[in-house]
Amino acid sequence: MLDSAGSIASILGVFVSVIALTIAIYQIIKLRGEARAAREAAEEAQRLIRRETTGTDLTRLSERIQGLIYLLRNEDRELALEKFPDIRNLFIDIRRHHPNLNSDHRSRIQDTITSIMDMQNELDASSDGIQIEVRTRFITDLTDFQTNLLVKLEDRLG
């Protein structure tokens, strides 16, 4: 009798183990799906935050460029000189925070950074006021950065 009771207990133990293993596998599959969904939701939240931050950065950069154009038009050399580093640093930040930019965009940003540094150096070297040709060239270049490059970056990053 003990022999048959032990066999029945062993069979029931195997049956219970199979049921428990099936439930455990189901739970693992369910958790893996939930983890994947949570990861996708987190990635989407990161994309949305990055898009919002990028939009804010590009708007701020456009406003700074517009402010610099205003200072150049009004021949305020000293204040204009103070604005160049801020604009340059905003372009550097955009390049650094967006590694997904293609090589053309990265190159255009680098060229813009160089141009802004050149403008600043040229303006700094001129001790007298801002000459009309220099002012016109700077305003044209800054307007081009604002209307072409920033729009392309917004399309790419937004």
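Visitor: Is R108 buried, partly exposed or exposed?

Guide: This is a predicted model, and in it R108 has a relative accessibility of 23%, so R108 counts as partly exposed. R108 lies in helix α3.

Visitor: What does R108 touch, leaving out residues up to four places away in sequence?

Guide: With those set aside, R108 touches D144, N148, L149 and K152.

Visitor: Now the helix pair: how do α3 and α4 cross?

Guide: Helix α3 covers residues 103-125 and helix α4 covers residues 132-157, and their axes come within 11 Å and cross at roughly 155°. The two are therefore roughly antiparallel to each other, and their crossing is left-handed.

Visitor: Which residues make that contact?

Guide: On the α3 side they are H105, R108, I109, T112, S115, I116, M119, E122 and L123, and on the α4 side V134, R137, F138, D141, L142, D144, F145, N148, L149, K152, L153 and R156. By class, the residues of this contact divide into ten nonpolar, four polar and seven charged.

Visitor: And α2 against α4, at what angle do they pack?

Guide: The angle is about 25°, with the axes 13 Å apart, and that makes α2 roughly parallel to α4. The crossing in which α2 passes α4 is left-handed.

Visitor: What residues are in that one, and of which class?

Guide: From α2 come F84, F91 and I94, and from α4 come F138, L149, L150, L153 and L157. The contact of α2 with α4 has eight nonpolar residues, with no polar and no charged ones.

Visitor: What about α2 and α3, how do they cross?

Guide: Their axes come within 10 Å and cross at roughly 165°, which makes α2 roughly antiparallel to α3, and the crossing of α2 and α3 is left-handed.

Visitor: Which residues meet there?

Guide: In α2 they are R77, A80, L81, F84, P85, I87, R88, F91, I92, I94 and R95, which meet R106, I109, Q110, T112, I113, I116, M117, M119, Q120, L123 and D124 in α3. The residues of the contact of α2 with α3 divide into 14 nonpolar, three polar and five charged.

Visitor: Changing topic to the core: how many residues has the largest nonpolar one, and which have the most contacts inside it?

Guide: The largest nonpolar core has 30 residues, and those with the most contacts inside it are I65, L72, F91 and L153. The elements that give two or more residues to this core are α1, which spans 2-73, α2, which spans 77-97, and also α3 and α4.

Visitor: Which helix gives the most to this core?

Guide: That is α4, with nine residues. As background, nonpolar side chains tend to be buried together in soluble globular proteins.

Visitor: What is F91 in contact with, apart from neighbours within four places in sequence?

Guide: Apart from those neighbours, F91 is in contact with L61, I65, I109, T112, I113, I116, L149 and L150.

Visitor: Where is L90, and is it buried or exposed?

Guide: The place of L90 is in helix α2, and L90 has a relative accessible area of 9%, so L90 is buried. Not counting residues up to four places away in sequence, L90 touches R60, L61 and R64. The C-alpha atoms of L90 and I19, on the other hand, are separated by 61 Å, the two being 71 residues apart along the chain.

Visitor: And R135, buried or exposed?

Guide: R135, which lies in helix α4, counts as buried because its relative accessibility is 12%, under the 20% cut-off. Leaving out residues up to four places away in sequence, R135 touches L72, R73, E75 and I130.

Visitor: Where is E75 found, and what is its phi?

Guide: E75 is found in the loop between α1 and α2, and phi of E75 is near 55°, a positive value in a residue other than glycine. With a relative accessible area of 45%, E75 is partly exposed.

How values were computed: Residues are numbered from 1 along each chain as its sequence is written. This is a predicted model: local features need pLDDT of at least 70, side-chain atom pairs count only at pLDDT 80 or more; totals for chains, interfaces and linings use all residues. Side-chain values use heavy atoms; hydrogens and water are left out. Axes are lines fitted to C-alpha atoms, for helices over the stretch in contact, and angles run from 0 to 180 degrees between N-to-C directions. Helices (H or I, at least four residues) and strands (E, at least two) are DSSP runs, numbered from the N terminus. Angles under 35 degrees count as roughly parallel, over 145 as roughly antiparallel, 65 to 115 as roughly perpendicular and the rest as oblique. A crossing is left-handed if the near helix is turned anticlockwise from the far one by less than a right angle, and right-handed if clockwise. Contact means heavy atoms within 4.5 Å. Ala, Val, Leu, Ile, Met, Phe, Trp, Tyr, Cys and Pro count as nonpolar, Asp, Glu, Lys and Arg as charged, and the others, Gly among them, as polar. A nonpolar core is a set of buried Ala, Val, Leu, Ile, Met, Phe, Trp, Tyr and Cys residues joined through side-chain atoms within 4.5 Å. Buried means under 20% relative accessible area, exposed over 50%, partly exposed in between (1.4 Å probe, protein chains only).
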